[in-house]
Amino acid sequence: AQSAGMEELAEALEQFESKLPQFKEEIVSINEDFQSGREAQALENLDSVVEKLQGFMSCLFALEARCKNAGMEEAQSGDLTFSQAAADLMELLRDLSSALEENDITAAGDILEYELTEKLDIIRPFPEVLRNFVVASK
């Protein structure tokens, strides 16, 4: 993501956004797998979700950095800045990692189904804000 241009990053974020409802369903199904005792399946699906989320966040951070370098003020949605939304999401991912390390499947499932899906909704406006800047700066 670091070597991609602003337009490529904006396009990648748009693709992720279009798949967000399906992505959130995947997250919920991981918790369902955990609750049903299908831990191996849940962990395999979790790896896939984390990989997609890392790709999304990598693009988002790279595009935000390029927009700032091009003169954009910090991206904001309502009262929330991009850096705060991103920090909250990263903290939640650390909590998820800790729960998994401690083998606390209940906590991990709750973080996935309730908190992570909520954080994705909170961060959702930022790709559009950044894309609008890219379009306006052409």
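User: What volume does the largest cavity have?

Analyst: Rolling a probe the size of a water molecule over the atoms shows where empty space is left. A cavity is a set of points on a 1 Å grid over the protein atoms alone, where a 1.4 Å probe fits but cannot get out. Here, the largest cavity has a volume of about 40 Å³. This is a predicted model, where local features need pLDDT of at least 70. Residues are numbered from 1 along each chain.

User: Which residues line the largest cavity?

Analyst: Lining residues have an atom within 4 Å of a point. They are Phe16, Glu17, Leu20, Phe56, Leu120, Ile123, Arg124 and Pro127. Helix H1 (6-18) and helix H5 (105-123) each give two or more residues to this lining. Helices are DSSP runs (H or I) of at least four residues, numbered from the N terminus.

User: Which residues of H2 are buried?

Analyst: Buried means under 20% relative accessible area, and exposed means over 50% (1.4 Å probe, protein chains only). In H2, the buried residues are Leu20, Phe23, Ile27, Ile30, Asn31, Asp33 and Phe34. Seen down the axis of H2, they fall within an arc of 160°, so they line one face of the helix. The arc is taken from the directions from the helix axis to the C-beta atoms. On the other side of H2, Glu25 and Gln35 are exposed.

User: What do the buried residues of H2 pack against?

Analyst: They pack against H1, helix H3 (39-69), helix H4 (82-101) and H5. Contact means heavy atoms within 4.5 Å.

Terms used:
This is a predicted model: local features need pLDDT of at least 70, side-chain atom pairs count only at pLDDT 80 or more; totals for chains, interfaces and linings use all residues. Side-chain values use heavy atoms; hydrogens and water are left out. On a 1 Å grid over the protein atoms alone, a cavity is a set of points where a 1.4 Å probe fits but cannot get out, and a pocket is an open set with protein on both sides within 12 Å along at least five of seven lines; lining residues have an atom within 4 Å of a point. Grid points are joined across faces, edges and corners, and a volume is the space filled by probe spheres set on the points.
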